[in-house]
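Open the structure in your viewer and keep the selection tool at hand. Each stop below says what to select and what is there.

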Number of protein chains: 2
Amino acid sequence: MPALRSWFSIPRGSHFSLANIPFGIISTPSSKTPRVAVAIGEHVLDLEAFAANNGFSALSIIQPHQAVFSQPSLNAFAALGRPIHAIVRKYIQDVFDADTTYPEILKTNSALQKQALLPLKEIQTYLPFKIGDYTDFFAGLNHAVKAGSMFRGPINALQPNYKHLPVAYHGRASSIVVSGTPIRRPNGQILLDPATEKKQPTYSACKKLDFELELGAFICKANKMGEPVPVNEAQDSLFGIVLMNDWSARDVQAWEYVPLGPFNAKNFGTTISAWVVLADALEPFKVKGIENDVGVLPYLKEKDNKSVYDIQLKVDLQTKSGNSKTIAKTNGRHLLWSYPQMIAHHSSTGCPLQVGDLLGSGTISGISQSEYGSLLEQSENGKIPIKISDSEERIFLEDGDEVTFSGVCGSDEEALVGFGECVGRIEPALKL
Amino acid sequence: MPALRSWFSIPRGSHFSLANIPFGIISTPSSKTPRVAVAIGEHVLDLEAFAANNGFSALSIIQPHQAVFSQPSLNAFAALGRPIHAIVRKYIQDVFDADTTYPEILKTNSALQKQALLPLKEIQTYLPFKIGDYTDFFAGLNHAVKAGSMFRGPINALQPNYKHLPVAYHGRASSIVVSGTPIRRPNGQILLDPATEKKQPTYSACKKLDFELELGAFICKANKMGEPVPVNEAQDSLFGIVLMNDWSARDVQAWEYVPLGPFNAKNFGTTISAWVVLADALEPFKVKGIENDVGVLPYLKEKDNKSVYDIQLKVDLQTKSGNSKTIAKTNGRHLLWSYPQMIAHHSSTGCPLQVGDLLGSGTISGISQSEYGSLLEQSENGKIPIKISDSEERIFLEDGDEVTFSGVCGSDEEALVGFGECVGRIEPALKL
């Protein structure tokens, strides 16, 4: 399919080509109320302003719902359902098309262009959803194998349940922040010398601060309590995807996690990218995930055998002194479980999912050192330093380090479907 | 302290004496919009109607905030802070006092009595808070020892971290329901024969459905991300307490919980009582919890050496055929960690707590069979049947079983501070 051509200037290589149309929440210095926008090239289209100035006048189906674009979150828009998201995206693509059906809407309407097309660099972004519950899965098989091998040896790397169900834990919603928000190094209980017999913890700044490269999916359809979502209907619940950094305090985790799982090791901050790429935009990039060599139970069996996404993922680390390096490259396809399977399993007990819930994929790693989506894996839990420059190396994150995830689908520079960036910089811990 | 006497009829033995004044959310058949009320004897005082009819005319400090009583949750009232909760409670106690300072407000105002004093049996109750995040602790030492012994033997019953930090996991907020809501038995992945070498799970109705007797605390003060709540300031964050049933699918839990903790075993439903007893009302019942024989780290050290509550707790089970029995009696004092310690630990990494967050205590058990707060403990994981009547026994819950928790502080029948009931009945699983 050739790239869509636009009358509007969208630079080659932009993550936000006409093939994308991701949604987010923005404000500007002159209009500080957060509202809905889509990103396009190096601009955003402010959908509140667009709607208020008859931008949707050629799309009668959306007119009764235009108030959703004045909301400070995407929850109300998401709740309209996937058919509406598809219609709105297609309409915006048409409005920007070189041969648009509706030139009067924006192409020849310079007043509205001036009002609603805002440079990306001048806007502020916000958390795209009001997140009710956040669940983090563990669907990256390579990560599970690598991390499991380090702690239990290669034979027992995977727990017996791993290939039968998408393992997950409930996470902390209140500490999810949008890309760019600084992350303070947590203090927490750690064992300074875990090898000693006497398990005497210390309350200290985390010494093994790590990132985890994940995808996050937002839910757009609620199921009632007691009523599971069938795996082959779960695509209807999937609004779209963001990049996610599940910051992790490895030393806190090692001491606290038995027997109820990670808690304080994870709840000090989780960063997501600002622009949610719609499931519809990702449809052309669906691929088969990692083959599951056990026969999954019927409630997890998908008709669609391509249900994860070919997303080229990258992790860059920049130190306080300005050195930087791409320390990992991997791909969204390295998942054993797809989002529909996660949704089906999560709701299989009758657990009610709600619009705005966030589901993390788990850390996504390839199978070699440069493809690992965490420093835990890259440095073998602190044993192998990673060279950043001639003068700097890392085993875990240091204060002032900035971690940037990026992700993009496709190779046609004029039709990329990208996620932009998911960035966080580490601030020093509170003094004790 | 002698019991407060009221001009209003409050039956002896009522959980909702003048010493209590618990808050909740109600509606009536003639006025279906949920709003704030307090329970008093066998009635509630509708605070929306009370406020609208000058009920707070003698309390100027609350007048700018009266809109909080028209909300469908207690979040806005709770956010006013503990000093305001105390003032409002004391004022309502005064209004109902036999020698009230303000007889014209309600005592001699039969029109307002008729409008705002509604029989408990005619109102509907709702979830008292809009719950952002829900965290479940594991602070019941006796439960941890008993459950740990069953799975790992008495020597290794407690994990090395247990006495150093309040172990917890993040729970699922969306499936928390108010007392009286039916609970559907979940379907889930279980091992029908866990002893076999071949770990082949089945998707089946849960066969080991259990209750867990807990207390739940609501948070009334937010801390900013990155800024921990000091343990000796944590009382300010504590709005009040409810009874909580953390329904648990033991067979689902046994298979899924390694390595990330309980997930689907818990997320199908959690029941809380409708009336939140203010921390102020519980103040006279503060007692010392279980002695912690390791020296806790300074960030968990409380000046107050009485910081758990002497609450007499009871579990009744009624079967479908109408047999019923009190199957457990225990006490809120059986906790190793207090709520201020839980709050301090939870926020010690900088995790932001928000108004309306719910913190579960963990299962509260005494040390003998009739004091265990779960069937897992009582039946030794299904080995020892519990006699309900001459014709019925239980190892886990069966369809139609109704579990009722109750809790009360004090012995003066005219001054009880009680929680009412936390009830749920098991409905059959969805057919597969």
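This is a predicted model: local features need pLDDT of at least 70, side-chain atom pairs count only at pLDDT 80 or more; totals for chains, interfaces and linings use all residues.

Select N54(A), which sits in the loop between α1 (47-52) and α2 (75-78) of chain A. Most residues other than glycine have a negative phi. N54(A) is not a glycine, yet its phi is positive, near 65°. Is N54(A) buried or exposed? N54(A) counts as exposed because its relative accessible area is 55%, and the cut-off for exposed is over 50%.

Next, go to chain B and select E380(B), in the loop between α9 (375-378) and β23 (386-387) of chain B. E380(B) also has a positive phi, about 50°, and is not a glycine. With a relative accessible area of 24%, E380(B) is partly exposed.

Now look for cis peptide bonds. Most peptide bonds are trans. Select V258(A) and P259(A): the bond that joins them is cis, with omega at about 5°. P259(A) belongs to the loop between α6 (250-256) and β16 (270-272) of chain A. Then move to chain B and select V258(B) and P259(B). The peptide bond from V258(B) to P259(B) is cis, and omega is near 0°. P259(B) lies in the loop between α6 (250-256) and β16 (270-272) of chain B.

The next stop is a sheet in chain A. Select β9, β26, β25, β20 and β21 of chain A; in that order, these five strands form an open sheet with mixed pairing. Which strands stand at the edges? They are β9 (183-184) and β21 (324-331) of chain A; each has a single partner strand, so one side of each has no neighbour in the sheet.

Within this sheet, select residues 402-409 of chain A, which are β25, and residues 417-427 of chain A, which are β26. These two strands pair in the antiparallel sense over seven bridges. Strands of a sheet pair through backbone hydrogen bonds. To see one bridge, select S406(A) and its partner E421(A), which is in β26(A).

C409(A) counts as buried because its relative accessibility is 0%. C206(B) is in no disulfide either; the nearest cysteine sulfur belongs to C351(A), 15 Å away. At 3% relative accessibility, C206(B) counts as buried.

Zoom out to the domains of chain A. The contact between them takes 20 residues from domain 1 of chain A and 16 residues from domain 2 of chain A. Together the two domains bury about 1500 Å², with 63% of it on carbon and sulfur atoms. Select F23(A), R82(A) and R89(A): in domain 1 of chain A, they lose the most area to domain 2, together 44% of what that side buries.

Last, colour the model by confidence. Chain A has an average pLDDT of 97, and 100% of the residues score at least 70. In chain A, confidence is lowest in helix α5 (residues 141-152), at a mean of 95, and highest in β16(A), at 99. For the complex, the predictor gives an ipTM of 0.97 and a pTM of 0.98.

Conventions. Residues are numbered from 1 along each chain as its sequence is written. Chains are lettered from A and ligands numbered from 1 in the order in which they are written. Side-chain values use heavy atoms; hydrogens and water are left out. Buried means under 20% relative accessible area, exposed over 50%, partly exposed in between (1.4 Å probe, protein chains only). A disulfide is a pair of cysteine sulfur atoms within 2.5 Å. Helices (H or I, at least four residues) and strands (E, at least two) are DSSP runs, numbered from the N terminus. Two strands pair if DSSP finds at least two bridges between them. pLDDT is the predictor's confidence in each residue, from 0 to 100. Contact means heavy atoms within 4.5 Å. Buried area is the accessible area (1.4 Å probe) that two parts lose on being put together, summed over both.
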